[in-house]
Amino acid sequence: MKRFAKYIGKRFGWYLLTFLFALLLNFYLPRLVPGDPVSQIVSQIASGGVESETMKRLYDTYVREFGLDRPRILQFINYVAMLFRGDLGTSFSQYPTPVIKVLGQAVLWSLALQLPALLVGWVVGNLLGAVAAYRRGVFDHTVFPISLFFNSIPHYALGILLLYFLAVVLNLFPVAGGYDQALSITLSPAFLGSALYHYVLPFLSIVLVTVGGQAIGMREMSVYELNSDYVLYCRGLGIGNWRIVGYVFKNAVLPQITGFATSLGMVVGGSLITEVVFSYPGVGMELFTAIRQADYPLIQGCTLLITLGVLGANFLMDLTYGLIDPRIRAAEMGEAGG
Amino acid sequence: MRELIRRMWRAPKVRAGAMVFLAVVLFGLLVPVFVRTGPMKTVGALYEGPSAQRWLGTDNFGRDVFVELAYGTRTSLEVGLLSGLIATLIGTAIGSIAGYKGGLVDGVLNSVTNLFLVIPPFVILILLSIGLQSRSIAMLAVIIGITSWSWVSRSVRAQVYSLKTRRHVDMARISGFGTFAIILRDILPYVLSYLVMAFVLQVASGILNEATLSMLGLGPLEAISLGTMMSWALMFEAVRAGAWWAFVPPVVLIALITFSLKYVNSGMDEVFNPRLRRA
């Protein structure tokens, strides 16, 4: 157990370094290209216009908060220091609300939507894929192309189709929002019911695409395992079919766990934009409005939170994986492989 | 190379996928030749339904959706192909050097690869493009390419790592060939089938990445892509107004392109990994 703790510590250290690197990117990338936020604000002030007073105020806030008159590296240190105090700056578009406050609620909405959707999609997809590989025949020939098709559409595009057919044409679900605006956010049955009603379509968009991707991966892994020597050997020994399926599933599902963790980074963009399709009040929606309003502190707050979420999820998966697969634990500790 | 193509072509999945993909490419190439109206030209009112004259009606600006679709397909394909090429090249270079050199070089390159594997490319794409003043097609393709090579790099590294202990590589090393010569002549040809597959997938993901950026309003500024079409339709309430012709076609085309490419990829996988074929 002590060695396992060491493994966890090492992984944690690695993710901490990655996070630091992500912070660097988050800070420097938008400032690298000409047309960074500050010079854009300055040019808007210079061009005058009705909003110049507000612009001036924004500019002052921005300069003060981020210490823009100092060298870049000091600015960065200041940025990190602010971050550790839980300060992400002040939103431009919702001045003078702090970014962290704007995002606080959005994070909860996003987590409530994304986590269950991705998990349900993962479980259903892997079961389907395993069955397709085992049953072959008609089942496989329908599951495979359908999964591939769902996996080819981005989450938000599927969301647009679902929104049109199920909400606009058939009028089964609400067309926008995360809850009925007439209700206040409480834990009352009326609010929860309304939230659930609004939840169905965005949830379904993310689940279906995830199911598709996982089913394809799992089918492939299972076919691979089913063709392997140990399966033939078990068959030769006369071991029951279901026990063999059990062995195969165990071996095939392990790479699916790490695969899922690493693919999160790729998937998260599409699934967050699904929120835009349904005007769902999550981080994806905030990011969308922030970009349209050139609200740089809010944009960078969103990207930082998204990175943090993906890194956190990866770390959790690493832990789970270390717990389930003794080989990995041994390899990590013995410094072998890699 | 010819042998490679011949073997791939024999797989039904590869053939079917390639046919669909070629049909889409032809659509993007040919329609602009035969139709005179430009994609940006206003030809009617907002959201006119499909008619004999305008097969897919008009969009929120009164532009011909059918024409836009052809030009949009072209843009998306361009972005996909260019970004796919860049990502595959960078990934191959980093992965093969890391796998062949090993040691410290591998340590550094592999850490960088792992960083780019977990930090969402989507985030880096946004951070890079919010500041860009001119977002041309080429510019978008480049930034998509330089943010999505990590998957290629990881697999290439693993394969090169096992290839470098082969006899012919030892022979080349003893004969005094340099690292790059050996990688190019004695190692990469054996990874070629994988590289083709990786490229195919990277094209698909490049097209999806472009669409994702466009959905956020960070798409190409002076061109129409499948992503910008979806984004306009959504912003101008085509969905709630029931103007299906403005958003169903781009969604279907995106799905067709990615579906066909992934189908080709899956077919190639069965050709090159005999273990995946059923006994």
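This is a short walk through a predicted model with chains A and B, beginning with chain A and ending where the two chains meet. Residues are numbered from 1 along each chain as its sequence is written, while chains are lettered from A and ligands numbered from 1 in the order in which they are written. As the model is predicted, local features need pLDDT of at least 70 and side-chain atom pairs count only at pLDDT 80 or more, whereas totals for chains, interfaces and linings use all residues.

Let's start with chain A. This chain has 13 helices and zero strands; here helices (H or I, at least four residues) and strands (E, at least two) are DSSP runs, numbered from the N terminus. Of its 338 residues, 39% count as buried. A residue is buried if 20 or more other C-beta atoms lie within 10 Å of its own, exposed if 12 or fewer, and partly exposed in between, with C-beta atoms placed from the backbone. Now look at contacts, meaning pairs of residues whose C-beta atoms, placed from the backbone, lie within 7 Å. Among contacts in chain A between residues at least 6 apart in sequence, 69% join residues at least 24 apart.

Next, find α10(A) (241–277). A straight helix of 37 residues would span 54 Å at 1.5 Å a residue, yet α10(A) spans only 45 Å between its end C-alpha atoms. The expected span is 1.5 Å times one less than the number of residues. Where does α10(A) bend? At Gly265(A), by about 50°, taking the bend as the angle between axes fitted to the seven residues ending there and the seven starting there.

Just after α10(A) comes Ser279(A), in the loop between α10 and α11 of chain A. Most residues other than glycine have a negative phi. Ser279(A), however, has a positive phi of about 45°, and this residue is partly exposed, with 17 other C-beta atoms within 10 Å.

Finally, let's see how the chains meet. 48 residues of chain A are in contact with 40 residues of chain B. Several helices of chain A each supply at least two residues to this side, including α1 (2–32), α8 (189–226) and α12 (296–324). Which helix gives the most? It is α10(A), with nine residues. The residues on this side of chain A divide into 33 nonpolar, 12 polar and three charged. Ala, Val, Leu, Ile, Met, Phe, Trp, Tyr, Cys and Pro count as nonpolar, Asp, Glu, Lys and Arg as charged, and the others, Gly among them, as polar.
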